[in-house]
Amino acid sequence: MALKSRHLLGLDGVSGEDIQLILDTAVSFKEVLERPIKKVPPLQGKTIVNLFFESSTRTRISFELAERRLSADVVNFAASGSSVSKGETLKDTARNIEAMKIDMVVIRHASAGAPHFLSKVVASNVINAGDGAHEHPTQALLDMYTLREKHKTLEGLRVCIVGDILHSRVARSNIFGLKTMGAQVSVCGPATMIPREISRLGVPVYHRLEDVIPKVDALNVLRIQLERQEKGLFPSLREYHRYFGVTKERVDRADRPITILHPGPINRDVEISADLADGEHSVILQQVTNGVAIRMAVLYLLGSSN
Amino acid sequence: MKKTKLIDSDGFRRTVNRLAHEVVESNKGGENIVVVGIRTRGDILARRIAGKIEEIEGHPVKVGTLDITLYRDDLRGKLDQPELHSTEILFDIAGKFIVLVDDVLFTGRTVRAALNALMDIGRPARIELLVLVDRGHRELPIKADFAGKNVPTSIKQEVKVLMEEVDGEDGVFLIDND
């Protein structure tokens, strides 16, 4: 059993068998994370570089923990204060790092397609940790893992992704992955934040939470990316919260409990109300735990075959 | 391909009985014994051995399953990546007398991996090794404390253990691959 690709660049085009293999492998790593010694040796002697051209706390820490718990050697690279600020190109940065004999690259970049480009110029395994508004495959995998853990299966599960779909790589990866696994995916958000091409992905679009909440098992609430909102896509945060804020009051109107996911970091009382984020049907912290297990699974599956 | 039967189903049952008695005897009853089997077939054998010890001693014996995939020394360079399963040891092994169970003892590399895996889970008081068949050709300084049958083999031969739970019958076969 091995993945069909040497890289994980996105979930678009990844087969159901491969996603299944990653999710099943993560179950074993979750058990490792429960042990007193949370470290296993399969990537001993491998060197992994985390190339983060965009700031990130949780994803970088999650990857780094996953790498160390597989006994890999880890090198971190942050763009600020590096040779990139001196004008070096991505290709040269990567080639130079690879000349130092590394085996795998985890890359986050503000430009969509950067990991794909990298996979063509270096010999290492490349893992996409988020590229622009394109894909964030490990986030979607950990969302799917968490949903599967809670609901036993993804087949037929009704999931709505709420918020800024336009800027969201999390939404795109989730749509590809969930649809492959047989879930029913919809999106909900202001018209200004839903890309026009979304219908090509075969995803129903809602513009009112009231219309979609009665029809779903889970809501994946996206973060309003305050840093990407100069364009005035909605009038104010208060107004966004009034119309698209996922609140306990709104969710309680459904006739069954709805699982609440959020990729973090949370803007409390903007896209999600604080009581709901901390409520009994929220799996937000499970997502964080599962993130390490999923990343261990991906690193293990890519790094120990060759 | 020639297939020779080394142990039939009656012999299998008697061997498991004898091994369980040996474990009990050498541990003087063995209140502190837990049995851990190596996937796959070692875990099934472990459940049988534990069941037998319970029968003999009249107290429950805990059983766990160990998956050694992550500890293999041949993980790299293998064309076909082995499937990873979970380790299921739902009790604290610290201070316990562990009987580590596998179906066939060959190079000793699996046992080496299992020992490392166990040490990462806790600090047992002692680990003993129980195998159904010892076929020789060790590559590491490891030996079984309890062996069902010693079988001299050539390196080209294969020892196959069948168990009712997964194969529909109990038996041990020696296979000549020519």
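Predicted model: local features only at pLDDT ≥ 70, side-chain atom pairs only at ≥ 80, totals over all residues.
User: What makes the 132 residues of the largest nonpolar core a core?

Analyst: A nonpolar core is a set of buried Ala, Val, Leu, Ile, Met, Phe, Trp, Tyr and Cys residues joined through C-beta atoms within 7 Å. The largest such set here has 132 residues, and Ile22(A), Val159(A), Ala297(A), Val35(B), Ile49(B), Val101(B) and Leu130(B) have the most contacts inside it. Helix H11 (residues 284–303) of chain A gives the most to this core, ten residues.

User: Why is Gln139(A) called buried?

Analyst: Let's set its value against the cut-offs. A residue is buried if 20 or more other C-beta atoms lie within 10 Å of its own, exposed if 12 or fewer, and partly exposed in between, with C-beta atoms placed from the backbone. Gln139(A) has 28 C-beta neighbours inside 10 Å, so it counts as buried. Gln139(A) sits in helix H5 (residues 137–151) of chain A. Helices (H or I, at least four residues) and strands (E, at least two) are DSSP runs, numbered from the N terminus.

User: Which residues does Gln139(A) contact, leaving aside neighbours within four places in sequence?

Analyst: They are Val170(A), Ser173(A) and Pro263(A). Two residues are in contact if their C-beta atoms, placed from the backbone, lie within 7 Å.

User: And His59(B): buried or exposed?

Analyst: Exposed, because His59(B) has 11 C-beta neighbours inside 10 Å. His59(B) lies in the loop between helix H2 (42–57) and strand S3 (62–66) of chain B. Apart from neighbours within four places in sequence, His59(B) is in contact with Glu31(B) and Glu54(B).

User: How do you know that strand S5 (residues 158–162) and strand S6 (residues 184–188) of chain A pair?

Analyst: Two strands pair if DSSP finds at least two bridges between them. S5(A) and S6(A) share five bridges and run in the parallel sense, so they meet that rule. Along this pairing, Cys160(A) stands opposite Ser186(A). S6(A) is also joined by two bridges to strand S7 (residues 205–206) of chain A, again parallel, with Val187(A) opposite Val205(A).

User: What makes the unit of S5(A), helix H6 (residues 169–180) and S6(A) right-handed?

Analyst: A crossover is right-handed if, with the strands pointing away from the viewer, the path from the first strand over the helix to the second runs clockwise. S5(A), H6(A) and S6(A) make a right-handed β-α-β unit.

User: Why do strand S1 (2–7) and strand S7 (158–162) of chain B count as edges?

Analyst: The open sheet has the order S1-S8-S7 in chain B, with antiparallel pairing. S1(B) and S7(B) each have a single partner strand, so one side of each is left without a neighbour in the sheet. S1(B) pairs with strand S8 (residues 171–176) of chain B over five bridges, and Thr4(B) stands opposite Leu174(B) there.

User: How many residues of domain 1 of chain A are in contact with domain 2 of chain A?

Analyst: There are 21, touching 20 residues of domain 2 of chain A. H11(A) supplies the largest share of that side of domain 1, seven residues.

Terms used
Residues numbered from 1 in each chain as written. Chains lettered and ligands numbered in written order.
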